[in-house]
Amino acid sequence: MSLLLKNVLVVDCNSQSHLKQVNLLIEKGKISSLTGKSAKKEIDLTGKIVTCGWFDLNANFNDPGFEYREDIDSGSKLAQAGGFTDVCLMPGTMPPITSKSDVGYIIKKSNQSVDLHVTAALSEDMKGENLNEILDLIDAGACSFSEGDMPIWNSELLLKALQYTSSIDVPIFQNSRDLNISSNTHMHEGRVSTNLGLRGEPPLSEELIVQRDIEILKYSGGRLHFSKITSGKSLELIKRGKKEGLSITCDIGLHHLIFEDNSIESFDTNMKSLPPYRNSVHRKALLKGLKDGTIDAICSNHRPLEQEVKQLEFDLAEPGNISIQTFFPSLLKLAEDIPLEILIDKIVNGPRKVLRLDPVKIAEGEEAKLTICDEDLNWFFDEKTNLSKSKNSPFWNMQLRGKVVGTVNREFLTLN
């Protein structure tokens, strides 16, 4: 079927049509023209913007094992509504994603609107002791390896993993956190944590692991991806490593670019995050890292949780929040400081660069992976509009500006 998207404004800094209004003609899953005249299905999108399809590098859909929080079906619908044509899922399920059948289970459940990619567990049962069957998992479709929300604490395991994967060009994802320093902490360590009487996690917890891992990478070779970085000093270390020619990439969770540790002062447990929100000094350093290219990608860090572990005293509540459906309104908040086209590139080609996937752009002959947005549409995020099985969002019961109105994934158009 041919599809014509009329009068859309292109936001794609890699396209010759960037910031131009076009008529996108899609045929057989590819963009056949930017000046299309007619098609079997035509949609007038005057006032809307179109970007390349967004790619979420770090999300939890909790299937199998925690389907009451999210499952692949609800997560995929949520991802499409949030603007994502591709999502990379973390292995922290129950049981963890450790076998070929585990990987196949997820990939087979991809729907037509969203392509699912799999980060498999690096170690057996994610215990941090013995390497998984890396080659088997890659053959099954795994694109990367990590320990889920846990760090790779075992330096010997990381060394072996980097050496083993150095010839097969897949990244190892690291959640940099020293468990001895960060255990039983609830927020960023600083003035706010002292005033609130909460035990804080210092940035040192992250920085020590980043520094250790860079030294291991120098020795072993391979590809290392630092996930959900929060510290300005960590970014300095990563930037230096990149200049030395090391194969390092990193991403940042979207909420860490918006919220600071003072967001915790209300004791709203939906503001309790993993990793914790840092202070303004670190947040400004993260924004600078986006602008200068040190940060390769922005991820959702979508971590759905049931109310039983959220509606507790702050120090007892589990950290994490949902973020996919409200991703675009959050992105628009950042656009006040950083041009939207830079932010879009961090959720389009940044993640694809990390995983060594082909870049995408809005041009004739390119695969049709598109996200359609309305910057001025206001909507209310609550029980009626929430598509997740969980509701641990810092934007719960709030009026938001900006909404994804549809996606195209090759031949499949989905309107919201």
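Author: The largest pocket is lined by 21 residues, and those nearest its centre are F66, G92, M126, D149 and R303. This is a predicted model, in which local features need pLDDT of at least 70 and side-chain atom pairs count only at pLDDT 80 or more, while totals for chains, interfaces and linings use all residues. Residues are numbered from 1 along each chain as its sequence is written, and side-chain values use heavy atoms, with hydrogens and water left out.

Reader: What makes a space a pocket or a cavity, and what is meant by its lining?

Author: On a 1 Å grid over the protein atoms alone, a cavity is a set of points where a 1.4 Å probe fits but cannot get out, whereas a pocket is an open set with protein on both sides within 12 Å along at least five of seven lines; a lining residue has an atom within 4 Å of a point. The largest pocket has a volume of about 300 Å³, where grid points are joined across faces, edges and corners and the volume is the space filled by probe spheres set on the points. Its lining divides into 9 nonpolar, 5 polar and 7 charged residues, where Ala, Val, Leu, Ile, Met, Phe, Trp, Tyr, Cys and Pro count as nonpolar, Asp, Glu, Lys and Arg as charged, and the others, Gly among them, as polar.

Reader: Which residues lie closest to the centre of the second largest pocket?

Author: Of the 16 residues that line the second largest pocket, S182, T185, H186, K272 and P319 are the closest to its centre. That pocket holds about 230 Å³ of space, and by class its lining has 6 nonpolar, 5 polar and 5 charged residues.

Reader: How many cavities of 30 Å³ or more does a search of the whole structure find?

Author: The search finds 5 cavities of 30 Å³ or more. The largest cavity has a volume of about 130 Å³, and among the 13 residues of its lining, N175, S176, R177, K228 and P275 lie nearest its centre. By class, that lining has 3 nonpolar, 4 polar and 6 charged residues.

Reader: How do you know whether R352 and D86 are buried or exposed?

Author: Buried means under 20% relative accessible area, exposed means over 50%, and partly exposed lies in between (1.4 Å probe, protein chains only). R352 has 3% relative accessibility and therefore counts as buried, and D86, with a relative accessible area of 3%, is buried too.

Reader: What makes K239 and D292 partly exposed?

Author: K239 is at 33% relative accessibility, so it counts as partly exposed, and D292 is placed in that class because its relative accessible area is 38%. These two residues form a salt bridge, with the closest N and O atoms 3.4 Å apart. K239 lies in helix α8 (residues 232–243) and D292 in helix α9 (residues 280–292), so the pair ties together parts that are 53 residues apart in sequence.

Reader: Why is helix α10 described as mostly covered?

Author: In helix α10 (residues 327–334), 7 of its 8 residues are buried, namely F327, F328, P329, S330, L331, L332 and L334.

Reader: What is the class of L415, and which residues is it in contact with?

Author: L415 has a relative accessible area of 48%, and therefore is partly exposed. L415 is found in strand β18 (residues 412–415), and, leaving aside its neighbours within four places in sequence, L415 is in contact with I43, V405 and G406, where contact means heavy atoms within 4.5 Å.

Terms used. Helix = DSSP H or I, 4+ residues; strand = E, 2+ residues; numbered from the N terminus. Salt bridge = Lys/Arg side-chain N within 4 Å of Asp/Glu carboxyl O.
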